[in-house]
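Student: Could you take me through the salt bridges in this model, one by one, and then have a look at the helix and loop that come after them?

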Amino acid sequence: MFLNLGKFNPPGQGSRGCAASHSLSDRPVDDWEPLADHLDAVSTRAAAFGARFAAKDWTALAGRWHDLGKYAREFQAYLLTQNGFEAHLETTSRVDHSTA
């Protein structure tokens, strides 16, 4: 299987092509939990915990942001390659003007 991570859909656009929060080694990529769904669920649970000590908004924010780094193309490629998939990262070439 080949997944092009250079043009994956933004969060909230459905699971196909979206960033994943966790991989499931025995399941296809489309069954993996979308990162946006994971962040929503953790935020909700954290808010309920924080409400006990008047910190609902802060704990909801912490829950929503706790895995933001997983949106990085490199992390998504890591999930794929660790589960036997080929990950292709599209890069844009840049000209080094400082040495030109």
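Tutor: The term here means a side-chain nitrogen of Lys or Arg within 4 Å of a carboxyl oxygen of Asp or Glu. Before going on, bear in mind that this is a predicted model, where local features need pLDDT of at least 70, side-chain atom pairs count only at pLDDT 80 or more, and totals for chains, interfaces and linings use all residues. Residues are numbered from 1 along each chain as its sequence is written, and side-chain values use heavy atoms, with hydrogens and water left out.

Back to that pair: Arg27 is partly exposed, with a relative accessible area of 41%, and Asp31 is partly exposed too, at 36%. (Buried is under 20% relative accessible area, exposed is over 50%, and partly exposed is in between, using a 1.4 Å probe and protein chains only.)

The structure holds 3 salt bridges, and another one joins Arg64 to Asp40, with the closest N and O atoms 2.4 Å apart. Arg64 sits in helix α2 (residues 56–65) and Asp40 in helix α1 (residues 35–50), so this pair ties together parts that are 24 residues apart in sequence. Helices (H or I, at least four residues) and strands (E, at least two) are DSSP runs, numbered from the N terminus. Arg64 counts as partly exposed at 35% relative accessibility, and Asp40 does at 36%.

Then there's Asp67 with Lys70, whose side chains meet in a salt bridge at 3.4 Å, N to O. Here Asp67 is buried, and Lys70 is buried as well.

Now for helix α3, where Gln76, Ala77, Leu79 and Leu80 are buried. Looking down the axis of α3, its buried residues fall within an arc of 155°, so they line one face of the helix; the arc is that of the directions from the helix axis to the C-beta atoms. In general, an α-helix has 3.6 residues a turn, so residues three or four places apart point the same way. On the other side of α3 you'll find Glu74 and Gln82, which are exposed.

Just after α3, Gly84 takes a positive phi of about 85°. Gly84 lies in the loop between α3 (73–82) and β2 (86–88), and it counts as exposed at 67% relative accessibility. Gly84 and Ser25 are 59 residues apart in sequence, while their C-alpha atoms are 8.6 Å apart in space.
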